[in-house]
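Here's a quick tour for anyone meeting this structure for the first time. Have a look at it, then read on.

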Amino acid sequence: MSGDGAPDGKWVGQRIRRREDPPLITGRGRYTDDITLPGQLWMSIVRSPVAHARIGSIDKSAAEAAPGVHGVFTGEDLAGDFESPLPMAWVPPGIEIKTPEHWPLARGTVNHVGDPVALVVGEDRYAVADAAELVGVDYDELPVVVDMEAALEDGAPLVHESLGTNKSHEWSLGTEPDDLEAAFQQADVVVEQRIVNHRSAPAPIEPRAVLADYRAGDLTIYSATQIPHFLRLFLALALGMTEDKIRVIAPDVGGGFGGKLQIYGEEYLACALARRLNRPVKWVETRSEHMQVTHHGRDQVDYMRVGAKRDGTIVALHSRIFGDMGAYLMLLTPLIPELGAFVMSGCYKIPAVRVDVTGVFTNKTPTDAVRGAGRPEATHMIEVTLDKLAHELGMDRLELRRRNFIPKEDFPAEVAVGVIYDSGDYHGTLDKLLTKVDEQAIKAEAPEGIVRGVGYATYTEICGLAPSRIVGPSGLGLQAGLWESALVRVHITGGVTVYTGTSPHGQGIDTTFAQIVADRFGISPELVEVVHGDTGTGPQGLNTYGSRSLAVGGEAVVRATDKVVAKIKNVVANALEASPDDIELTGDKFAVRGSPDKGMTLAEAAGAAYIAESIPEDMEPGLEETAFYDPQNFVFPFGAHACVVDLDPETGKVSVVRYVAVDDCGPAINPMIIDGQVHGGVVHGIGQALYERIHFDEHGNLVTGTFVDYALPSAAEVPSFETDRTETPSPVNALGVKGVGEAGTIAASAAVTNAVIDALRQVGVDYIDMPLSPVRVWEAIQAAKGGVAA
Amino acid sequence: MSQTVPVRLVVNGEAHELEVEPRLLLVHALRDRLGLTGTHVGCDTSNCGACTVHLDGQAVKSCTVLTVQADGSEVTTIEGLGSPEKLHPVQEAFWEHHGLQCGYCTPGMIMAGADLLKRTPDPSEEEVRRALEGNLCRCTGYHNIVKAILDAAKSGDTGQVEEPEPSQEGREAAQEFASEGLGA
């Protein structure tokens, strides 16, 4: 199948090959580091080797004298180059968030290993890396705090002396405390669990990269970013420029996973240097730097409490979340645990739900959004605790879930934390999952000497970020609206260019949008070009994260396209002397209903609109329209996943041997792309559950600083997957779509962990924290046996 | 570090003579000196495999080969494996089976896959997964990469996966380099 024809006349729903791929499979992609400009210089950063210190004297002389070096700069040297520090965008009304100043180069103190203290700019990437080693920095070391719970104790060393506390903020959502306790009084059984959701790295395979070019007052910056429009805004504020003088281009971007949903100091620095030196400046992150300074994700300690009636009816849920912010608050750092709070009810009808979040500073790399951003953590704590509750009640795990699912007929359904789930059919996805998973048979086939476990996770997530009225300054407190834009331009010969404000980096949005537009114009997707990731083209956009590109950006494309269609109908009606209301698209022609022979193709209508001699007198020539779409609500994808693990009790090694995912993200535009998103998301979640962990020692040294010690799963660690879908349309947008980029990650760590706990119950273990490494599993088994290890 | 040595390479059938620092990595010679930016760098510890190329017909991680070590060798990069007009079967299969998303690991994955099929024309899924152990992908979960390579193996070109033919000029240069031996 090469996807070159739409069998039933519709491109939406077809598994067509991606238009993005030909350059990428032949080495003709264009990532930031692939771009070289004449006269280009290189930048290298001198980073702190200690987690907390006052910066003493900095000796630049040896580095300045090194071959090929054009300059060495410290934070003080560049203090006049920036009018504002790096941004933090969440200001919730009525809540104080203690936000330390965070400059592109440290001023006065360093607060985590990797904090930048100076930079070298010079002729080539080797020369600046050499010279960076020659910069001598005196550090007057300060006490370090690494563990977030220790950081909250009286007398703990303070990360930021001036704040007087390590607590960044407290925030709560849901049922009032008295009502919550009254609800718990109704419970026959209450289970509690402390759950550590450990720190991990976004780890796209392309590290970050920046190339800044300043020419006579105009700045162009290429950056491996998910958010070019936000970057332009913040660069304008920091550099004292206006947005019209700045063009940000996100060329091909080699994955983001949240790690590139950020405004980074290196972006500011490259631009400041380009402006100072009048030469283009490039910086390319090494993997070691990525692990050290690109923001991390997760890192929560969660205290869960769930109360239920003897028959399994859940009556109350309380989640106390401690989130490790690291040393600074970056763009969305303190907001991430709160994103999980919005789906803390999971798929369940729970009358009383409360979430209390405490943010904590430590001398570690800042955290922020990583694929799922708060929702994998929330789903993990709900689903793992639900298994514990089922065990406590002596009830089947899935029966407990079914008993509490929000029924299909209740949607739209307001949950106790106050959000309104748009649509759902939780029984439907679980039923479909179970047609593929015969737990008894699977367990009966376990190899000799292996303990086999089966785990489940049902989830819903909050996507389609976001309705501006709900998340904006007077609502949740984001300092932005989160609508999306599209401009649809039909060219005179019938080709179409779509400019989207989203900024995809692997999601297949070009192909998906082309399918949507093709159907509405009666043309092949081959004739639709999609342009994104360049602030110099198209209207203002709000970019790609939070599974929003299709549900928000796609709907903007639909609306712009429909405006064009309305104009086409007027052009055609005028030509055919018919009423525009009678014109409809049949095949490839806009024609009078019932007379499909007489009509105009898109190209003919475009020709008429541009030549403009036979269009209605009051009509503007040309054929293009812009739409800005602000959703009325979020969308809530959901699903049911099952994982089968084989556990070797002698070694503690866990292998995922089967993984089945049934997801519902509304009607599929391109099922192939949806499956691909699920596969990648699931492996990200398997990585979290079994392999990946960012670890700092007690001095704040990063122990897992490369891909040697940070174990990204390889093909050899994971199986092939079984995926399927149900399609429950969202009432929020015309396509009924919900987004699927984060779904796999949100479900997977819970499904894997529940499978491992299912296996371990046979040897007496009823809970274990991730990552489920062989040594940790083995120790849990020994402890359960009453052995010495624990 | 300003001392340089001459190095001769045949890359994708074309002969090149370069003056390089002895420490210059092959991947940087390919990218920065020859403009072949299809070969990517994703780590600094030889774990991710984004930089995989074929050196004298064998897959190597070009971030772990010094350019001087490749003196006198033939190198095939992703740009030389197939062209947009005439795709290599592994490239075709990656497109067909959605074996890529962001595309950054893809050149290395394709070069590793092509190398596997040359050595093992009809691999099992297990063999494909083991062969890809040194190539990391964050997007795809590997499912469709594995499927693509298994399908390329079935395409009938099994075992016939050829390096691109060197040009006449390149062939002569290679013979000349070979007769002179390594080093300069």
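**Hairpins in chain A**

Strands β23(A) and β24 (residues 599–600) of chain A pair in the antiparallel sense over two bridges. Strands here are DSSP runs (E, at least two residues) and helices are too (H or I, at least four), numbered from the N terminus; two strands pair if DSSP finds at least two bridges between them. It's a predicted model, where local features need pLDDT of at least 70, side-chain atom pairs count only at pLDDT 80 or more, and totals for chains, interfaces and linings use all residues. Residues are numbered from 1 along each chain as its sequence is written, while chains are lettered from A and ligands numbered from 1 in the order written.

- A:Met600 in β24(A) is the bridge partner of A:Phe590.
- Six residues sit between β23(A) and β24(A) in their hairpin, and A:Gly594 in the turn has a positive phi of about 90 degrees.
- β22 (residues 583–586) pairs with β23 (residues 589–592) in the antiparallel sense over four bridges, with A:Leu585 opposite A:Phe590.
- That hairpin has two residues between the strands, and A:Gly587 takes a positive phi near 65 degrees.

**Helix α10 of chain A**

- α10(A) covers residues 375–393 and reaches 26 Å from first C-alpha to last, close to the 27 Å expected (1.5 Å times one less than its number of residues).
- Because 14 of its 19 residues are buried, α10(A) is largely enclosed by the rest of the structure (buried: 20 or more other C-beta atoms within 10 Å of a residue's own, with C-beta atoms placed from the backbone).
- A:Gly394 follows α10(A), with a positive phi near 65 degrees.

**Chain B**

- Chain B has seven helices and five strands.

Note on methods. A residue is buried if 20 or more other C-beta atoms lie within 10 Å of its own, exposed if 12 or fewer, and partly exposed in between; C-beta atoms are placed from the backbone.
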